[in-house]
Structures are given as structure tokens and as C-alpha cells.
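I opened this model to check its confidence and then look up two positions. My notes follow.

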Amino acid sequence: MNNKGENAHFQALQQAFDASWPGPMGDAITLKCRHVEVTVYPQDAARMTSLRVFGYELLRQWNPQRRAFQYGSFPMVPWVGRLGNGQLDVNGKIWQLPANKPPHALHGMACYSLWEVVEQTHESLTLRMTLADPWPWKGYVIQRIALQGDALIMHLEIHSDADTFPASAGWHPWFLKHLYSDGDQSELGVQFSADWQEETGENELPTGKRITPQPGPWDDCFGFIRGVHASLVWPGRLTLKMTSTAHSLVIFDKQPDATCVNPLTQAPNDINRIPQYVTQNQPLIISSEWKFTKHIN
């Protein structure tokens, strides 16, 4: 691994979310079970760069124009989405984090941190990331990716070495809107029944007010009392049923080729408003299952 080169990109990403990015780095790991095949690059943000299901590629792929947050599916830890003004307010003490999308800090630290392989089988992978500077507290993150039948099960844990601190976690997948490149016009549809939508302020952060879910297009966060449940449907191809015990889901569908459907422990910047805490004995945990069904023509 070229630590010097990678660290330069890591440092640049902390300063600007759209800094140039070298794409998948290090060695790829492939998991396969039945009709699902996943490719993960531990040294590229513990990111899934490919998710092939029944022969279809579901994720937006890397190309030289892509930036760090624009392809595959990567974990967001130890915060999700936009962190207001790049600041953590913990009991009145302000901790400043790199504001790489001014004035906010975007999408956590997974993309500029090093991950190591803890355990690997043909159908599962466990990765570990140490929480270090610029995060103020010592701890670590565990990500598990496993295939069971025609389902993908993902799991994130944020642990503290000693101190209590706030945290949020989730995933940021880019799902292709069109599975064929041969002129097929059927487009991905996202179906869900949320209990509320987070009102967004002029600063692009949730205001804390819950409103009736609005029609798309979206760059919005939705809430679910009984946990996240959504269906991603590629007509005539397949359906992905996404579930999670977490209660927040961000949907971003304003780009022509891909849609983000992000299960989260809480809405962006709620780490400041209604924090969820990690202690030495109690990690923050989120899991999500993506179950796939092929359409019969």
C-alpha cells in the first residue's frame, strides 16, 4: 500500500469533498453466495465497489471523474451526512472537525481512514477502523458484510476505548437508475411509507421539525417508527427490499444516473440535536438487510 500517496488524498478530502480521488485502492475482496456477488476494497473506505445480483450490476462504478463520495457504497462513521458547521457540541464544549463541504463536514471519516481485515470467508468479511485524529475520542469501528442466500446483511458498530461520546452511523450506496446500457429506459423506483419527513432548513440541515412526507425528487431524510423499510424496484429486472432497525433514511435522487438510499441511525446533524452516545460498554450499532428478488418475465 502506498501510504504516502493515499495519505495525500486523505488529507485533501478532509479539506474539500470534491478533491480529486484515485479510485479503488489496494486489494479487492470478493464475496459470493447464490445469485449475489460483492466486491469490497478495504483500503478504499471499506467500500463495496460492485454489487452484482442475478447478473446485474446495481452500483454506480468508478471512473476518473468520480470523487470519493460518488461511487459504490461506503459506510458513514462516526457521523452521517452533513455535520453542521463541522462542529460537535458536547455538553457545551465545541469540537471542530474539518469542514470539507463548507460550512459543513460531510459523510464521516471512513473515506479518509485506514481499515484492516479482521476476518474473511467466502461469504463474509469483517473490517476494523481505528478512530483517530481529527475525531476527539479514542475508539474503533467494526463493519461486517455477509451474504446469506440472496440477501446482503451489513452491520456497523462504533466502540469507545474509554470516554463517552456521541456518534451516528449508516451507509451511502449509489444505486444505478438504469441496469442496462443498451437503451433500456426502465428506471429505478423507490417505494416506501415513511411516518414523517425531516424539514430541511436553508442551511441544508434538518430543522428538527417533522412534516408530512412530500413527493420527490428528494434530497431529504425520512423517519420510520418501526424501523426502515423500503423497496427499490428495477421494472422487469429485480427488487431490493431494504430493512433496518434504525429509524432514518436519506434519499437523494437528483442525479440522472444514480439514486442514494441511505439507512442511518439518525438524521444528519441530530448528533448535535438529540445525540446517541457510545460508552465503553455500549457501542452504537446499526444493521441493514438487502434482500433481492428477480422478476419473472
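**Confidence.** I began with pLDDT, since this is a predicted model. The protein chain has a mean pLDDT of 95. I see that 97% of its residues reach 70 or more. I then looked up residues 1-5, where pLDDT stays under 50. For that stretch the model has 4 contacts beyond four places in sequence. Where pLDDT is low, the predicted coordinates should not be read in detail. I left that stretch there.

**I29.** I found I29 in strand β1, which covers residues 29-33. Is I29 buried or exposed? I count I29 as buried, because its relative accessibility is 9% and the cut-off for buried is under 20%. Next I listed its contacts, leaving out residues up to four places away in sequence. I29 touches V38, T39, V40 and P42, and also V117, Q120 and L125. I also checked I29 against T121: the two are 92 residues apart in sequence, and their C-alpha atoms are 9.9 Å apart in space.

**N100.** I placed N100 in the loop between β8 (93-96) and β9 (105-106). What does the side chain of N100 reach at 3.2 Å? I found the backbone oxygen of L13 there. A polar atom of the N100 side chain also lies 2.8 Å from the backbone nitrogen of L106. Both partners, L13 and L106, turn up again in the contact list of N100. That list, which skips residues up to four places away in sequence, also holds Q14, Q15, A16, F17, F69 and A105.

Terms used: Residues are numbered from 1 along each chain as its sequence is written. This is a predicted model: local features need pLDDT of at least 70, side-chain atom pairs count only at pLDDT 80 or more; totals for chains, interfaces and linings use all residues. Side-chain values use heavy atoms; hydrogens and water are left out. pLDDT is the predictor's confidence in each residue, from 0 to 100. Contact means heavy atoms within 4.5 Å. Helices (H or I, at least four residues) and strands (E, at least two) are DSSP runs, numbered from the N terminus. Buried means under 20% relative accessible area, exposed over 50%, partly exposed in between (1.4 Å probe, protein chains only). A polar contact is a pair of N or O atoms within 3.5 Å; within protein, one must be able to donate a hydrogen and the other to accept it, and residues adjacent in sequence count only if both atoms are side-chain atoms.
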